[in-house]
Amino acid sequence: MLTLAIETSCDETSSAVIKDGREVLSNIISSQIEIHRKFGGVVPEIASRKHIECINQIIQESLDEAKIGFKDIDLISVTRGPGLVGALLVGLSTAKALAYGLNIPIIGVNHIEGHVCANYIDHKDLKPPFTCLIVSGGHSYLVQVNSYVDYELVGRTRDDAAGEAFDKVARALGLPYPGGPFIDKLAKQGNKDSIEFPRVFLDDKTYDFSFSGLKTAVLNYLNQEKQKGNEIIVEDVAASFQQAVLDVLVGKSFRLAKSRKSDKIVIAGGVAANEGLRNMMEKKGKMEGIKIYYPSKILCTDNAAMIGAAGYFQYINGNESDLGVSVNPNLDIN
Ligand code: ATP
Ligand code: MG
Ligand code: FE
């Protein structure tokens with residue numbers, strides 16, 4: 001079964017062709033990062049316009065690379081939320097037009113579920129149930145994935161997302177947007193024990209996260225050091241901040257996995273590209289007898305292949321949208 005997938009929820013225009021939910025025949029990603037970088041973040045109106053300018057060409061490229069034509073597609077899968085409303089509308093409208101014109105089924109999928117499903121592409125043997133840590137630019141969730149379509153939400157951030165915290169701290173350190181990958185790189189050269197930043201576990205019953213206090217602690221530290229005229233060692237700040245985030249993410253993920261007797265932890269979303277997170281998870285996984293999964297870096301951040309995987313598993317489990325499907329910028333995971 002061939003799925004054409006379209007992703008336009010934020011600042012990547014992407015189209016992919018996926019065979020049977022796990023095999024990538026093409027995955028074309030056009031990123032607008034350079035355009036938004038000079039504003040220090042994504043400008044929604046510019047993002048929508050850029051999607052319109054290139055979406056048709058990106059779709060054609062994805063078909064060409066997969067060596068198929070429109071007539072070969074069995075299913076259209078498209079992100080319907082969460083994301084920027086204007087950006088989502090470009091992808092969804094295009095997908096609806098194709099589904100109508102080709103007279104084939106369409107499925108509107110949850111972008112965050114897409115991040116999880118990226119793992120099915122890189123790990124052909126991976127099957128639910130598993131414990132999943134989703135850490136992206138706008139969301140942080142702890143989820144128990146009971147089946148391909150049953151996501152049990154157990155914890156979420158009460159304020160900033162993990163990726164957002166990386167990006168805000170990076171900005172304060174004068175690093176380019178998005179700052180996560182830069183912090184990751186600098187952290188390797190710094191001393192993670194040099195600065196004592198808070199680990200916010202909240203109370204020990206909850207699986208929720210909170211990262212805004214940590215972000216403020218880093219900003220306060222930077223201001224104080226500047227006022228004292230001290231030199232700021234960016235590598236040490238990056239390493240200490242990153243470790244404070246990872247201690248909480250890894251600690252809560254393992255606590256949930258153990259409470260559910262889960263022998264697998266899956267990481268998803270842009271922050272799953274973080275090498276410190278991957279290493280710490282794997283080290284602890286070896287000790288605890290829990291297997292760790294994460295996608296290749298290109299499938300961690302936004303791409304249509306993951307949307308194709310998500311749509312395929314929804315569809316074969318009996319779910320389908322109709323042409324009345326609408327975008328939902330605040331679509332939650334459930
Ligand atoms: P969402 O998926 O919540 O709607 P998004 O699509 O904008 O948000 P993603 O594409 O999943 O976010 O991920 C982008 C985020 O991942 C950014 O915050 C970026 O800084 C972060 N990120 C990417 N690589 C790394 C890394 N190596 N270390 C830490 N963070 C990273
Ligand atoms: Mg992006
Ligand atoms: Fe995303």
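**Ligand shell, domain contact and helix packing**

In the predicted model, ligand 1 is surrounded by 25 residues, of which S136, G137, G163, G180 and G270 are the closest. By class, this shell comprises 15 polar, seven nonpolar and three charged residues. Three helices each contribute at least two residues to the shell around ligand 1, namely helix 4 (111-122), helix 5 (162-172) and helix 6 (180-187). Both domain 1 (2-115 + 300-316) and domain 2 (128-295) are represented, each supplying at least three residues of the shell.

The domain assignment of the protein divides the chain into domain 1, formed by residues 2-115 and 300-316, and domain 2, formed by residues 128-295. A distance of 27 Å separates the C-alpha centres of domain 1 and domain 2. Contact between the domains involves 11 residues of domain 1 and 16 residues of domain 2. On the side of domain 1 that touches domain 2, at least two residues come from each of helix 1 (33-37), helix 4 and helix 11 (304-316). Helix 4 makes the greatest contribution to this side, with three residues. The residues on the side of domain 1 that touches domain 2 are classed as six polar, three nonpolar and two charged.

From helix 2, the contact includes P44, E45, A47, S48, H51, I52 and I55, which meet G86, A87, V90, G91 and T94 of helix 3. Six of the residues in this contact of helix 2 with helix 3 are nonpolar, five are polar and one is charged.

The loop between helix 3 (85-102) and strand 5 (106-110) contains N103. With 6 other C-beta atoms within 10 Å, N103 is exposed, because a residue counts as exposed when 12 or fewer such atoms lie within that distance. N103 and A165 are 62 residues apart along the chain, and their C-alpha atoms are separated by 44 Å.

Technical notes: Residues numbered from 1 in each chain as written. Chains lettered and ligands numbered in written order. Predicted model: local features only at pLDDT ≥ 70, side-chain atom pairs only at ≥ 80, totals over all residues. Near = placed C-beta within 6 Å. Helix = DSSP H or I, 4+ residues; strand = E, 2+ residues; numbered from the N terminus. Nonpolar A, V, L, I, M, F, W, Y, C, P; charged D, E, K, R; others polar. Domains from an automatic or database assignment. Buried ≥ 20, exposed ≤ 12 C-beta atoms within 10 Å, placed from the backbone. Contact = placed C-beta atoms within 7 Å.
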